[in-house]
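Dear colleague,

Here is the structure I promised to hand over, with my notes on what was found in it set out below the model. Please read them with the coordinates open beside you.

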Amino acid sequence: MNNFDYYNPVKILFGEGKIDQLSNEIPKDAKILFTYGGGSIKKNGVYDKVKSGLKGFKFFEFGGIEPNPHFETLMKAVEIVKTEKIDFLLAVGGGSVLDGTKFIAAASLFDGDPWNILEKGAKVNNALPFGTILTLPATGSEMNSGGVITKASTKVKLPFGSPLLFPKFSILDPTTTYSLPANQIANGIVDAFIHTTEQYLTYPSNSPIQDRFAEGILKTLIEIGPQAIANTEDYQTRANFMWSCTMALNGLIGTGVPSDWATHMIGHELTAFFGLDHGVTLAIVLPALLREMKDDKREKLLQFGKNVWGIENGTEDNRIDEAIIRTVSFFNSLGVKTKLSAYGITLDQLTPVFERFQSRQWKLGERKNITPNRIEVILKNCF
Ligand code: NZQ
Ligand code: ZN
């Protein structure tokens with residue numbers, strides 16, 4: 001196991017009815033900006049519950065944070081924060097609203113052009129405090145300190161993070177997920193599954209606790225995924241789905257182990273250029289990446305096959321192939337297609353993606369050997 005520092009100060013309030021406790025978590029004299037997305041919370045009753053929780057507080061609203069939140073939109077919220085002297089943010093929605101609010105928290109107190117936080121990795125030295133109410137289990141943003149922001153004008157999607165960007169609290173009420181359409185539940189299951197594989201399908205590092213946690217999350221997602229999609233108001237399934245997603249990316253399973261994240265970094269370009277949902281991009285890239293990196297990941301792929309899918313017979317190569325096939329079938333069973341062609345994307349449209357990776361010269365993966373040329377091979381195998 002590698003050395004590590006683990007710090008996660010997020011207070012989680014989990015369960016039905018927990019939004020009622022909102023007022024206890026916000027400082028009494030706070031001047032709040034309540035942020036949300038395109039309006040789902042107005043249809044499912046969450047907006048009204050938040051408004052009644054905020055009775056007696058001074059607050060402003062900022063709606064319209066889009067999926068894959070735009071820098072341009074978020075900078076409008078930064079203006080409101082500055083003009084109205086906001087000192088607390090409350091994000092209500094999915095990963096995009098939470099990530100966007102993290103960015104507002106940092107950008108509002110940033111000296112200089114806030115885009116540098118993304119493009120240059122400029123250090124965040126100050127951030128406004130914020131809390132979250134999650135309505136879409138997927139990203140883990142409710143219990144981590146990172147986010148991903150898109151500059152719409154240039155189609156650039158980049159991650160950022162800081163220890164100052166952990167939520168003060170996150171309210172997770174599984175009943176808020178009842179209104180989710182099936183494709184967003186599927187996206188969430190795939191996202192959490194691949195957050196786990198990014199931190200597990202690397203190389204062995206004598207970390208059996210982290211491996212068992214990761215295998216537990218993967219097996220839980222496989223068990224509950226189909227039920228979460230089929231049964232809209234099955235509380236226990238939604239509760240387990242929600243907590244699986246949080247646990248997949250709150251830092252715990254990543255302690256002391258190597259991590260990959262290449263599927264995510266390649267997937268972000270597919271969202272930036274073609275607007276594909278985040279979870280969809282991952283389901284497309286992961287199988288091709290695992291096939292390309294099969295030798296580097298051999299031992300963990302065999303372990304994944306055995307402990308997650310119960311594959312024990314056949315040659316090593318057969319077992320690895322079978323584990324990848326079972327993973328693809330699982331994504332397909334959730335209704336997520338795993339080929340670029342299924343989304344109408346053709347090989348020639350990938351040229352700007354290849355050019356971008358060539359110009360950045362990133363070397364991705366747990367061994368930093370997923371070069372731009374290799375990324376091209378992976379993407380060409382996504383058809
Ligand atoms: O905008 P509204 O109207 O709220 O609708 C949203 C949106 O259209 C809808 N939705 C959310 N909760 C709902 C609901 N609809 C009905 N009922 C509900 N209860 O779902 C749509 C998608 O929402 P979004 O927040 O975009 O989805 P998700 O949570 O998957 O977030 C994706 C974003 O998170 C980033 C992704 O890159 C992407 O930008 N990620 C953030 C990470 C992090 N912070 O750690 C890690 C992830 O790997 C990921 O990269
Ligand atoms: Zn993700």
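Ile 26 touches Ile 32, Leu 54, Phe 57, Phe 88 and Phe 169, if residues up to four places away in sequence are not counted. Please bear in mind that this is a predicted model, and that the contacts below should be read accordingly. Ile 26 sits in the loop between helix H1 (22-25) and strand E2 (31-36), and with a relative accessibility of 3% it counts as buried, because the cut-off for that class is under 20%. Between the C-alpha atoms of Ile 26 and Ile 370, which are 344 residues apart along the chain, the separation is 44 Å.

The next item is a pair of helices. Two packed helices are described by the angle between their axes and the distance between the axes. For helix H4 (residues 71-84) and helix H5 (residues 95-107), the axes come within 9 Å and cross at roughly 50 degrees, which makes H4 oblique to H5. The crossing of H4 and H5 is right-handed. On the H4 side the contact is made by Phe 71, Leu 74, Met 75, Ala 77, Val 78 and Val 81, and on the H5 side by Gly 100, Phe 103, Ile 104 and Ala 107.

A second pair can be described in the same terms. The axes of helix H14 (residues 351-360) and H15 come within 9 Å and cross at roughly 160 degrees, and since angles over 145 degrees count as roughly antiparallel, that is how H14 and H15 are oriented to each other. H14 passes H15 in a crossing that is right-handed. From H14, the residues Val 353, Phe 354, Phe 357 and Gln 358 meet Pro 372, Asn 373, Ile 375, Glu 376, Leu 379 and Lys 380 of H15. The residues of the contact of H14 with H15 divide into six nonpolar, two polar and two charged.

Leu 379 deserves a paragraph of its own. This residue lies in helix H15 (residues 372-380) and, at 0% relative accessibility, counts as buried. Leaving aside neighbours within four places in sequence, Leu 379 is in contact with Ile 266, Leu 270, Leu 340, Leu 350, Val 353 and Phe 354. Leu 379 and Pro 69 are 310 residues apart in sequence, and their C-alpha atoms are 25 Å apart in space.

Which residues touch the most other members of the largest nonpolar core? Of the 65 residues in that core, they are Phe 193, Ile 266, Leu 289, Phe 304, Trp 309 and Leu 379. Helix H11 (residues 278-292) gives the most to this core, contributing nine residues. Apart from it lies another core, of 33 residues, and among them are Ala 77, Ala 105, Ala 107 and Phe 130.

Met 265 has its place in helix H10 and is buried, with a relative accessible area of 16%. If neighbours within four places in sequence are left aside, Met 265 is in contact with Pro 159, Phe 357, Trp 362 and Leu 364; Phe 357 is also among the residues of H14 that meet H15. Met 265 and Met 242 are 23 residues apart in sequence and, from C-alpha to C-alpha, 24 Å apart in space.

Asn 206 has a positive phi of about 55 degrees although it is not a glycine. Asn 206 is found in the loop between helix H7 (182-200) and helix H8 (208-230), where it is exposed, with a relative accessible area of 70%. Trp 261 likewise has a positive phi, of about 70 degrees, although it is not a glycine. The place of Trp 261 is in the loop between helix H9 (235-248) and helix H10 (262-274), and at 25% relative accessibility Trp 261 counts as partly exposed.

With best regards

Key: Residues numbered from 1 in each chain as written. Chains lettered and ligands numbered in written order. Predicted model: local features only at pLDDT ≥ 70, side-chain atom pairs only at ≥ 80, totals over all residues. Heavy atoms only, no water. Axes fitted to C-alpha atoms, helices over the stretch in contact; angles between N-to-C directions. Helix = DSSP H or I, 4+ residues; strand = E, 2+ residues; numbered from the N terminus. Parallel < 35°, antiparallel > 145°, perpendicular 65-115°, else oblique. Left-handed = near helix turned anticlockwise from the far one by under 90°. Contact = heavy atoms within 4.5 Å. Core = buried A, V, L, I, M, F, W, Y, C linked by side-chain atoms within 4.5 Å. Buried < 20%, exposed > 50% of the residue type's maximum accessible area, 1.4 Å probe, protein only. Nonpolar A, V, L, I, M, F, W, Y, C, P; charged D, E, K, R; others polar.
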